[in-house]
Amino acid sequence: MPSNISQSQTTLDEIRSSVYQQIEAKADPESIRLAVFGRKQGTLTAFLKSLPSLSEEEKRQLGPQANQLKKELEVAIANYEESSQDSCPVFDRTIPATQVTQGSLHPVSSMIAEMCGIFADLGFEVVEGPEIVDEEDNFESLNITTDHPARDGHKTIFLEDGWLLRTQTSSIQVKEMQRRLKSKQLPIRIVAPGKTYRRETDATHSPMFHQLEALLVDNQTTLSDLKGTMQYFAKRLFGEDIQTRFRPHFFPFTEPSAELDMLWKDKKTGQTRWLEVAGCGMVHPKVMANAGLNPRIYQGWAFGFSIERPIMIRHGISDIRQLYANSVELLDQFPSQL
Amino acid sequence: MKIAYRWLLDYVKTNLDVNDLAERFIFTSSEVEGMESWADKLPELLVVGYVKDVVAHPNADRLRVATVDTGEGKDRTIVCGAPNLAVGQTVAVALPGCSLGQGTEAFTIAEREVRGILSKGMICAEAEIGIGADASGIMVLEHKSKPGTRLAEAIGLADTVIDLEITPNRPDLLSYLGLAREVSTFDRSKLIEPNSHPLKKGAPPVSLDILDHKSCRRYSALLLENVVIGPSPRWMQSRLLLSGQKPINNVVDTLNYVMLELGQPLHAFDYDKLPIGPGIDQIPSLAVREALAGEKINGLDGVTRTLFAGDIVIVDQENKISALAGIIGGEESAVSQTTTKVLLESANFHGPQIRRTSSKVGLRTEASTRFEKGLDPEQTVKALERVAYLLKEQIPGLKLSGLSDQYSGKSRSHSALELSFEGIQQVLGIHVSASECRSILTRLGFKYLNSTKSGFSVLPPSWRADITLNEDVIEEIVRIWGYDRVPSTIPAGAIKAPKRNSVIERKQAAREKLARSGMHECIHLPFCSKAQLERTGFSTAQLLRLPNPASMEAEYLVNSHLVNFLGNLSSANRNQNELALFEIGKVFSPESTEREVLSAIWRSEKQPEQLLAVVKACLQGLGRSMHLASEFTYNYQEKGVSNPALYPESIIAITYQGKVVGQLGLVRNSKLDGWKIRSGRTCFFLEINLESLLNEPWHQYQLTELLSHPSIERDLTALIKEDISIAELLAKVEETANRSILHSVNLTTIYRDKSLGENQKAVTLHLVFNGRNRTLEETEVKSSLEAIERALTKLK
């Protein structure tokens, strides 16, 4: 008898909605409970009591529904009871953030850490070298002889007694190769980040700047490997879409030599410009020989990557000097991944 | 090197347009630093005019009225005051609307009445157009050009200049011919050598004495007679302008022109001003020798320079210096308007010495920038032959009277290089075919001596002193073959796990820890001035000084970051009153050269005690973060630390395992005053010497067992004497407490009030007790607390 069933279902729905209405009206939880589950007047109790008198078909359908409703209402009333005793404290949810001082890493040290991480994936060890070196380390050992015109481009900052502030991180090359040859740590895969100094200052040059030197020495490695590694590195830093160009250049300590440019897009003006980011090449046989490595047995390549240029490209910083003024206003903008 | 595109086409037949050409240069030899279109530099309304008629101005004695055809179908009437104006001249006319001059001298031509006659334009002098110094009269073109033609076009200035960055190994590219050779190689187009007038050795015009053949490998000289000094042809002047040279006169311009063409610097002496030698041949004698220290030369630029021992000079019969070799000529023997005999010098000087001299006397010239890189001695006579050709065209009746040529360095020619294709592939990772190698190298001027299936041997051209190794030849091949065609590969071989560098990791860990504590990392330029040092209280005695600082602001290398930090607070961060900065980097001094330090500064409006608590919070856990075996500790008794910028009483020694490694203290007000730091004047400065710490063993912390039983927490307030420090109080607590159950003691508040009594303070501590492996009894805690309280009453 479907009409009987639907009538009973309506009764159940009414019981349910009456409970929710009372909760809404903030009625006393105990009286709600009594009205539904009371042994005598309880509406649901009455319904459950009437179940045995129903037909088999009605029992089969309505029995589980009534029991389900009982469980639902018990929980609903219990939750209501608890919340009526534990009311939410009053507060303004639109309150602004407290000024918490957040620290930051300098964009340069963040960049160095990121770069070294990429090279670690390729099996490169990180090393450091002194910032005050002699002409031997900075020039002579790298095949830049005393009267080489290439020295003019270095705008060296000299100290007394033949010392100078290194003009390039390549100054670590020969000593590292010698050390590793002596301690039989060949092949070599190292990166050397650090400060370098040149006497020049304008929007794109600071008298102190940073480079990351990479050096690989093995029995067999090629210019293709160098190009591939640099492009891999550039893509790890800037994503698959970064455009680079690899073009010839001259360095006395590499042969063949090249430079890598990246296409930089000014996000404000939309203009693009090629920016030189690294010098590189196959380690010059004379440099190999200076390190005591036989150029017939060993080959190598090296590059010096700018640290600042990629930062400037990434964050749209047009004046390198801003990086070393250390204004908190700037530093706060690049809190890095702490 | 600035090269004009159309001029370059004189020496190479290429179909590449200027932009393509520039791009090919970038990818094969030289970076392009800039491009400039000269057609746009001269205004469009500046055109060629033909003077058809000239009559006197009815109302002015000095003015005349010209009828000028400017190609518009209707002649223009132009009033002109130039004395050299004449009928039949081809002149430059600025039409109404044309803007001339620059900056404050800029003006626009308009039709205007000049003493009753309407003048419809202006006939211009060189100076007015900005292409020369001559303002004495109007510029007259030698060649007839169609009236109305743009002037830039008519005088050969409608060209585009490419500014190429020539690397120091390629002096041969500081010339049009050298660059044309590059084009002919990468474009496979024909190279065209310029015309020249062959010279034969004749009766030497000068007796030469080269005292040091290392200084001067070759000295060639040519005597020109019947010279008439005058302006050089307009086309030559225009070309010189395009390449950045100022036209002077026919002889000088031609020498500069040939230097640009062939890369060989040349010098002209006024032959009659050279004293005659003692020989019977009655010719002057010149000697090439090294200068003595203190000798002087009066340069043709009017400057007297004192020379250094070793500088190469050309001296005359009387041992007077006639020229500073390869850099600048002397004033006395310089060519003048009245010169009729010119002795041309085309020499090869020792590059390194020219470079030394040029940097010592502080003069870099077009000649010295070429010589210093080492030039081809083979080209000296060739350059004279080209000059002879060009000057003969300009000066009718010019007589070439004899060539002297001393060449001592011929034996030092190149040796052959033997390459294998396998060797090439081993360096490049690509295979370049035999025919491609041959095509590239022969176009570049290499001579093929031998060629087999597996390789070849070549002789580099005389102008390529930079080619001495196989790798040099390989670079030549690959740069022309195309760097862009080189594939990208990743180095073969198993990737070994790189050895970890604990020094670098430790520094980075410290950086991250301090940044997490709310501090900002800085990197300052490690330079400072004497004034800054003095302002901070440091003497200059213990500092490294730069002998030739770029500015006095950067005369010294810092021995402490404090100078940089105070500079920072007074400038970049002057508006930040609450601030914590740190830096990890090198500082410098004569005794240790360079040492790694960690420095920090805290700046606040707070009271010192409050700020110090913040400082200590920042440093809490630093040792652990750096993987050191223990934390840093504060030593308040240590007297061995000081810093002139800090109050001595404020200084706390920072120790690591009993050894002092640094200091922390309050910056003196007087120093802040000196730096004009007006607010946020509570400043703590910290310096930790990292040198020994960085090499400590890498300590890997192991887990200490977690507290599994409930803690009992108690607050305790003690009234103690003001002069008893919190450290002493805490020491007392630790000493008297039952150590087996006291887990931690922390300061909650310090309360000071007159009601507490004279020199008293109330200190509230928060104590946490825990039984570790058992549940604590309330009574144990009570008795321990009572013991502590009893002990503390003695501090009252």
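**A covered helix and its surroundings**

Author: In helix 10 of chain A, the buried residues are A:Glu308, A:Arg309, A:Pro310, A:Ile311, A:Met312 and A:Ile313. Please keep in mind that this is a predicted model. The helix runs over residues 308-315 and is mostly covered, with six of its eight residues buried. Directly after helix 10 of chain A comes A:Gly316, whose phi is positive at about 65°.

Let me stay with backbone geometry for a moment. Most residues other than glycine have a negative phi, and most peptide bonds are trans. Against that background, A:Lys184 stands out: although not a glycine, A:Lys184 has a positive phi of about 55°. A:Lys184 sits in the loop between helix 7 and strand 5 of chain A, and A:Lys184 counts as exposed because its relative accessibility is 73%, where exposed means over 50%. A:Pro187 is found in that loop too, between helix 7 (173-182) and strand 5 (188-197). The peptide bond leading from A:Leu186 into A:Pro187 is cis, with omega near -5°. Another cis peptide bond links A:Glu255 to A:Pro256, with omega at about -5°; A:Pro256 belongs to strand 8 of chain A, residues 254-265.

Stepping back to chain A as a whole, there are twelve helices and ten strands. The radius of gyration of chain A is 38 Å, well over the 20 Å that the globule rule gives for 338 residues, so chain A is more spread out than a compact globule. The C-alpha trace of chain A spans about 115 × 45 × 45 Å along its principal axes. Of those 338 residues, 53% count as buried. Among the contacts in chain A between residues at least 6 apart in sequence, 67% join residues at least 24 apart. The accessible surface of chain A is about 16,200 Å², and carbon and sulfur atoms account for 51% of that surface. As for charge, chain A carries 37 positive and 45 negative side chains, with the centres of the two sets 4 Å apart.

B:Arg355 is in contact with A:Thr146, A:Asp147, A:His148, A:Pro149, A:Arg151, A:Asp152 and B:Glu372, leaving out residues up to four places away in sequence. B:Arg355 counts as buried because its relative accessible area is 11%, under the 20% cut-off.

Setting aside neighbours within four places in sequence, B:Leu151 contacts residues including B:Leu42, B:Leu46, B:Val47, B:Val48, B:Ala92 and B:Ile129.

With 0% relative accessibility, B:Ser604 counts as buried. B:Ser604 and B:Arg681 are 77 residues apart in sequence, yet their C-alpha atoms are 6.2 Å apart in space. Beyond residues up to four places away in sequence, B:Ser604 touches B:Asn577, B:Glu578, B:Leu611, B:Gly680, B:Arg681 and B:Thr682. Strand 35 of chain B also holds B:Thr593, which is not a glycine but has a positive phi of about 60°. B:Thr593 is partly exposed, at 32% relative accessible area.

B:His143 counts as exposed, with 55% relative accessibility. B:His143 and B:Ser599 are 456 residues apart along the chain, and 74 Å separates their C-alpha atoms.

To finish with the overall picture of chain B, there are 21 helices and 42 strands. The radius of gyration of chain B is 41 Å, whereas a compact globule of 796 residues would have one near 28 Å. The C-alpha atoms of chain B fill a box of roughly 125 × 85 × 55 Å along the principal axes, and 53% of its 796 residues are buried.

Notes:
Residues are numbered from 1 along each chain as its sequence is written. Chains are lettered from A and ligands numbered from 1 in the order in which they are written. This is a predicted model: local features need pLDDT of at least 70, side-chain atom pairs count only at pLDDT 80 or more; totals for chains, interfaces and linings use all residues. Side-chain values use heavy atoms; hydrogens and water are left out. Helices (H or I, at least four residues) and strands (E, at least two) are DSSP runs, numbered from the N terminus. The radius of gyration is taken over C-alpha atoms; the globule rule is 2.2 Å times the number of residues to the power 0.38. Buried means under 20% relative accessible area, exposed over 50%, partly exposed in between (1.4 Å probe, protein chains only). Contact means heavy atoms within 4.5 Å. Accessible areas come from the Shrake-Rupley method with a 1.4 Å probe; for residues, only the protein chains shown count as cover. Lys and Arg count as positive and Asp and Glu as negative; His and the chain ends are not counted. The place of a charge is taken as NZ of Lys, CZ of Arg, CG of Asp or CD of Glu.
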